[in-house]
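Have your viewer open and try each one before reading on.

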Amino acid sequence: MFAVEKIRADFPLLTQKINDQPLVYLDSAATSQKPQSVIAATELFYTQQNANVHRGRHSLSEQATTAYEKARDKVAQYFNVQSREIVWTKGATEALNLIACGLTEQLDKNSSIVITPLEHHANIVPWQQLALKTGAKLHILPLEADATFNMSACIEFLKQIKPTVLALTHASNALGNITNLSPLLSTVKGFNTITVVDGAQGAMHLQPDLNILDCDFYVFSAHKMLGPTGVGGLYGKYERLNALLPYQTGGEMIETVSLFNSTFRDAPAKFEAGTPNIAGVIGFSAALDYLSELDKNAAYDYEQGLFNYAVNKLNEIDGITIYSNLEHNIGTICFNYKDEHPFDIATLLDGFGVAVRSGHHCTQPLMVHLGINGSVRASFCFYNTHQDIDIFINALHECIALLD
Ligand code: PMP
């Protein structure tokens, strides 16, 4: 038995009332809630430990630096990689921009970049910009009409293109679908392709062993992993990482500066110009501690149970269309009711205290691919309960009665 009530007691926000109803939070794909230990670590930093990192010789600064670097070690441990392969950014978006901008000198008009129609805008727009800057050609991996992968067709496509860069998501934020990465990554292995995985959704639910996954880059956002907003980062295989151009320049990332010239440090320092989000990193460190104490397999099975329970309940309602893949999913359901506007459903559900997402979910090309303008999205985390789903489904029935 997964002790969900014990878990919920760690998340103070879950006891909130919204519109006089107990909150049912089904928007963890947008951002996860934070355990008390993360809130406490952030507060402790500002009340007792605040100092800038990497600069001072005084005790507070040294303590802050140690805590900051220890957090890097924890992320590295979480993904089973080396600490020097982890770069802090403000999140997955900045991490993807850092990689795409950093590759500017490695691509030219003979290069090719492959993405999929599933991607979040953060894993599309930086590649479009890189293609514009370098003359590289952007290709789209052909997916089935329901946005699942026909693996043999995709493999054939990759063999033909031999991409310079392959960027794809570990799990879709809109659908929750999990990408079967291994066959795709191993297909391009012989082409010296730079492989980039968007782990914003996968990093917490799927905790990949990056040593085994063997991609070149993997990006993540702390706020989707129980940590604070405004912090995240990337893993980069060291040679590939160090070969990137610096994304930003300034203090901390330099070796020497004269008035007309500068030299840069090696990764990860090379990519961390300026004062970082120290409190965010320290809060994230507490989130990683929380995750390391959690029985991840039990949490995953529990989330899958919630997902299946909700899918079955939704399928009992006439007029509901579910777009998510039901076999391989991190626990996110993308659906519509008849041709009702998803905003209307989400607004009505909010009146019952149920928080779901609606719209295009920063995946406009995916919505076009699916032939819809948008959807409602309910996303689950291990702190949700079956009762949350019962409340959600009952509220949905009430909304439908109002709309029909
Ligand atoms: N990729 C995916 C799959 C996401 O879900 C998100 C966040 N919704 C991002 C990238 C961007 O993450 P952030 O906004 O934290 O930078």
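**Exercise 1. Find how many cavities of 30 Å³ or more the structure holds.**

There are two of them. A cavity here is a set of points on a 1 Å grid over the protein atoms alone where a 1.4 Å probe fits but cannot get out, and lining residues have an atom within 4 Å of a point. Grid points are joined across faces, edges and corners, and a volume is the space filled by probe spheres set on the points.

Some ground rules: this is a predicted model, where local features need pLDDT of at least 70, side-chain atom pairs count only at pLDDT 80 or more, and totals for chains, interfaces and linings use all residues. Residues are numbered from 1 along each chain as its sequence is written, and side-chain values use heavy atoms, with hydrogens and water left out.

**Exercise 2. Describe the lining of the largest cavity.**

Step one, volume: about 40 Å³. Step two, list the lining: M204, H205, K296, A299, Y300, E303 and F382. Helix α12 (296–315) and α8 (202–206) each supply at least two residues, and α12 gives the most, with four. Step four, sort by class: four nonpolar, one polar and two charged. Ala, Val, Leu, Ile, Met, Phe, Trp, Tyr, Cys and Pro count as nonpolar, Asp, Glu, Lys and Arg as charged, and the others, Gly among them, as polar.

**Exercise 3. Work out what kind of pair the rings of Y68 and W88 make.**

Rings of Phe, Tyr and Trp (its six-membered ring) pair if their centres lie within 6.5 Å; planes under 30 degrees apart are stacked, over 60 edge-to-face, the rest tilted. Y68 sits in helix α3 (residues 59–79) and W88 in strand β4 (residues 86–89), so the pair ties together parts 20 residues apart in sequence.

Now check burial (buried is under 20% relative accessible area, exposed over 50%, partly exposed in between; 1.4 Å probe, protein chains only). Y68, at 0%, is buried, and W88, at 6%, is buried too.

Definitions and conventions
1 Å grid on protein atoms, 1.4 Å probe; cavity = no way out; pocket = protein on both sides within 12 Å on 5 of 7 lines; lining within 4 Å.
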